[in-house]
Amino acid sequence: MEPSEGTITAASGAPPGVPAPAVVDSAAAARAYAESVARAQWAGPGRTVRDEDVIDLLLVVSELVTNAIRHGDGLAGFEVRPTPEGLWIAVHDHSAVVPRAVYAFPTTHPGGGYGWPLVARLARDIAVDLREGGGKTISVLVPLRPAST
């Protein structure tokens, strides 16, 4: 999936009031940036994003970025784009290997393997696309709702 207009990366502009990070090179940096975008997008008089949804967002971002670093030959890029339904997240890595769990969720977890089912449960519109120059992009939409007042 190619970056589109309105996509937020370290190289492009962020929404008003959200400074773009200098570098997103870790799960912690990606989580902090995604949370800042979510809170800025849903901020307004008497309006905030649900904390439960932010927790889901942080889990999804953590799993995707950590997997790119550990299993995808390194993080090649991280994007966030606000949508009316939530935040669209794209994580680019250097490996063209598609996670096995994309085709069938594991039924056993020998010390790991919980991340992909967690992403599938908390996000929607999940796509795994091979990148033209090598590697892949995993993109998801994490739904966000305004907190009730």
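Visitor: Which residues does Ser 95 touch, not counting residues up to four places away in sequence?
Guide: In this predicted model, Ser 95 touches His 71, Gly 72, Asp 73, Gly 135 and Lys 136, once residues up to four places away in sequence are not counted.

Visitor: And where is Ser 95 found?
Guide: Ser 95 is in the loop between β2 and α3.

Visitor: Is Ser 95 buried or exposed?
Guide: Ser 95 has a relative accessible area of 6%. The cut-off for buried is under 20%, so Ser 95 counts as buried.

Visitor: Let me back up to the whole chain. How many helices and strands are there?
Guide: The protein chain has three helices and four strands. Starting at the N terminus, the elements run α-α-β-β-α-β-β.

Visitor: What share of the residues counts as buried?
Guide: The protein chain has 149 residues, and 38% of them count as buried.

Visitor: What about contacts across the sequence: what percentage join residues at least 24 apart?
Guide: Taking contacts between residues at least 6 apart in sequence, 58% join residues at least 24 apart.

Visitor: Now the helices. At what angle do α1 and α2 cross?
Guide: Roughly 145°, with the axes of α1 (residues 27-41) and α2 (residues 51-71) coming within 9 Å.

Visitor: Right-handed or left-handed?
Guide: The crossing of α1 and α2 is right-handed.

Visitor: Which residues meet there?
Guide: From α1, the list is Ala 27, Ala 30, Arg 31, Ala 34, Glu 35, Ala 38 and Arg 39. They meet Asp 51, Val 54, Leu 57, Leu 58, Val 61, Ser 62, Val 65, Thr 66 and Ile 69 in α2.

Visitor: How many nonpolar, polar and charged residues is that?
Guide: The contact of α1 with α2 has 10 nonpolar, two polar and four charged residues.

Visitor: Pick out Ala 38. Why does Ala 38 count as buried?
Guide: Because its relative accessibility is 0%, and anything under 20% is buried.

Visitor: What does Ala 38 touch, leaving out residues up to four places away in sequence?
Guide: Ala 38, in helix α1, touches Val 49, Leu 57, Leu 87 and Leu 144 on that count.

Visitor: How far apart are Ala 38 and Gly 86?
Guide: In sequence, Ala 38 and Gly 86 are 48 residues apart; in space they are 7.8 Å apart, C-alpha to C-alpha.

Visitor: On to α3. Which of the α3 residues are buried?
Guide: The buried residues of α3 (residues 115-122) are Gly 115, Trp 116, Val 119 and Leu 122. They cover an arc of only 135° around the axis, so they lie on the same side of α3.

Visitor: What do the buried residues of α3 pack against?
Guide: They pack against α2, β3 (124-130) and β4 (136-143).

Visitor: Strands next. How many bridges pair β1 and β2?
Guide: Strand β1 (residues 75-82) and strand β2 (residues 86-93) pair over seven bridges, in the antiparallel sense. A hairpin of three residues joins β1 to β2.

Visitor: Which residue in β2 is the bridge partner of Val 80?
Guide: The bridge partner of Val 80 is Ile 89.

Visitor: And β3 with β4: how many bridges?
Guide: Five bridges join β3 to β4, and the two run antiparallel. Val 128 stands opposite Ile 138 in β4.

Visitor: Which residue in the turn between β3 and β4 has a positive phi?
Guide: Gly 134, at about 110°. The hairpin formed by β3 and β4 has five residues between the strands.

Technical notes:
Residues are numbered from 1 along each chain as its sequence is written. This is a predicted model: local features need pLDDT of at least 70, side-chain atom pairs count only at pLDDT 80 or more; totals for chains, interfaces and linings use all residues. Side-chain values use heavy atoms; hydrogens and water are left out. Axes are lines fitted to C-alpha atoms, for helices over the stretch in contact, and angles run from 0 to 180 degrees between N-to-C directions. A crossing is left-handed if the near helix is turned anticlockwise from the far one by less than a right angle, and right-handed if clockwise. Contact means heavy atoms within 4.5 Å. Ala, Val, Leu, Ile, Met, Phe, Trp, Tyr, Cys and Pro count as nonpolar, Asp, Glu, Lys and Arg as charged, and the others, Gly among them, as polar. Buried means under 20% relative accessible area, exposed over 50%, partly exposed in between (1.4 Å probe, protein chains only). The arc is that of the directions from the helix axis to the C-beta atoms. Two strands pair if DSSP finds at least two bridges between them.
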